[in-house]
Amino acid sequence: MNRIRIAATMTAVLSLGTMVPAGAQGSASLRGQVYYCDTHQPLAAAAVSVISTDGTTSVHLRTDANGRFVRVGLPAGTYRVETSPQAGRWVYSARRLARLESDDVLDVGLGVTPLTDVRSGMTLVTPKRCEPYLVPLAVPTTDRYIVH
C-alpha cells in the first residue's frame, strides 16, 4: 500500500517538473547579413537593432567581418530589424519586418542603400530600391527566409 502511494506521489512530482507554463513556448533564432545593395559586399561592424512591434523585446547587435549577425532565444512575435550605418560620406539604411514563430530559425538580408549625404545633410527623397540578396550563412538551413 505504501509503495503505491510513494509511486503515485513520485509520478505526480515528476510530471509537474515537465509542465510548460502557458505562453512559454520554444524560442526562435534570427540571423542575417548586412550588405551593400549595389555591390553585394558585406558590411562589417554595422549596428543592427531587433525590436518587437509590441515593444517588449529590444536587442542591439553588431555584424561580424562578413556582415553577419545572430540572435538566439527570441520569443515568438513580429520584429523590426533595422540598421543605419555610416560609411564614408553616406548614411545607409535598411529595414525589414520579420515574423518569428516558436522554434523558427529565420534569415534576414538587410541590403543598405545611401540615404543621407553627411557632408551636405541632404536626404535622398527616393532612395533606390534594393533587390533581395542573401549570401549563404555558415550554418545551412531549410527553414523559411525573409529577404525583402
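This is a predicted model: local features need pLDDT of at least 70, side-chain atom pairs count only at pLDDT 80 or more; totals for chains, interfaces and linings use all residues.

As general background, nonpolar side chains tend to be buried together in soluble globular proteins.

Next, centre the view on leucine 30. Which residues is leucine 30 in contact with, leaving aside its neighbours within four places in sequence? The list comprises Val50, Phe69, Val70, Arg71, Leu74, Val81, Ala98, Leu100, Leu106 and Val108.

The chain has one helix and nine strands, and from the N terminus on its elements run α-β-β-β-β-β-β-β-β-β. Of its 148 residues, 35% count as buried. Among contacts with a separation of 6 or more, 58% are between residues 24 or more positions apart. If a surface is displayed, the chain exposes about 9200 Å², of which carbon and sulfur atoms supply 57%.

S5 is mostly covered, with five of its seven residues buried. On one pairing, S2 and S5 are joined in the antiparallel sense over four bridges; select valine 50 to find its bridge partner in S5, valine 81. S5 and S7 also run antiparallel, and seven bridges join them. Here, select arginine 80, whose bridge partner in S7 is leucine 97.

Move to glycine 32, in strand S1 (residues 28–36). Is glycine 32 buried or exposed? Its relative accessible area is 0%, so glycine 32 is buried.

The structure holds one aromatic pair. The ring centres of tyrosine 36 and tyrosine 92 are 5.2 Å apart and the planes lie at 75°, so the pair is edge-to-face. Because tyrosine 36 lies in strand S1 and tyrosine 92 in strand S7 (residues 90–100), the pair ties together parts that are 56 residues apart in sequence. Both tyrosine 36 and tyrosine 92 are buried.

Continue along S7 to arginine 96, which has its place in that strand. Arginine 96 counts as buried because its relative accessibility is 12%, below the 20% limit for that class. Follow its side chain to the backbone oxygen of glycine 109, which it reaches at 3.4 Å.

Most residues other than glycine have a negative phi. Alanine 45, in the loop between S1 and S2, has a positive phi of about 60°. With a relative accessible area of 45%, alanine 45 is partly exposed. The second stop is aspartate 103, found in the loop between S7 and S8, with a positive phi of about 70°. Its relative accessible area is 56%, so aspartate 103 is exposed.

Terms used:
Residues are numbered from 1 along each chain as its sequence is written. Side-chain values use heavy atoms; hydrogens and water are left out. Helices (H or I, at least four residues) and strands (E, at least two) are DSSP runs, numbered from the N terminus. Buried means under 20% relative accessible area, exposed over 50%, partly exposed in between (1.4 Å probe, protein chains only). Rings of Phe, Tyr and Trp (its six-membered ring) pair if their centres lie within 6.5 Å; planes under 30 degrees apart count as stacked, over 60 as edge-to-face and the rest as tilted. Contact means heavy atoms within 4.5 Å. Two strands pair if DSSP finds at least two bridges between them. Accessible areas come from the Shrake-Rupley method with a 1.4 Å probe; for residues, only the protein chains shown count as cover. A polar contact is a pair of N or O atoms within 3.5 Å; within protein, one must be able to donate a hydrogen and the other to accept it, and residues adjacent in sequence count only if both atoms are side-chain atoms.
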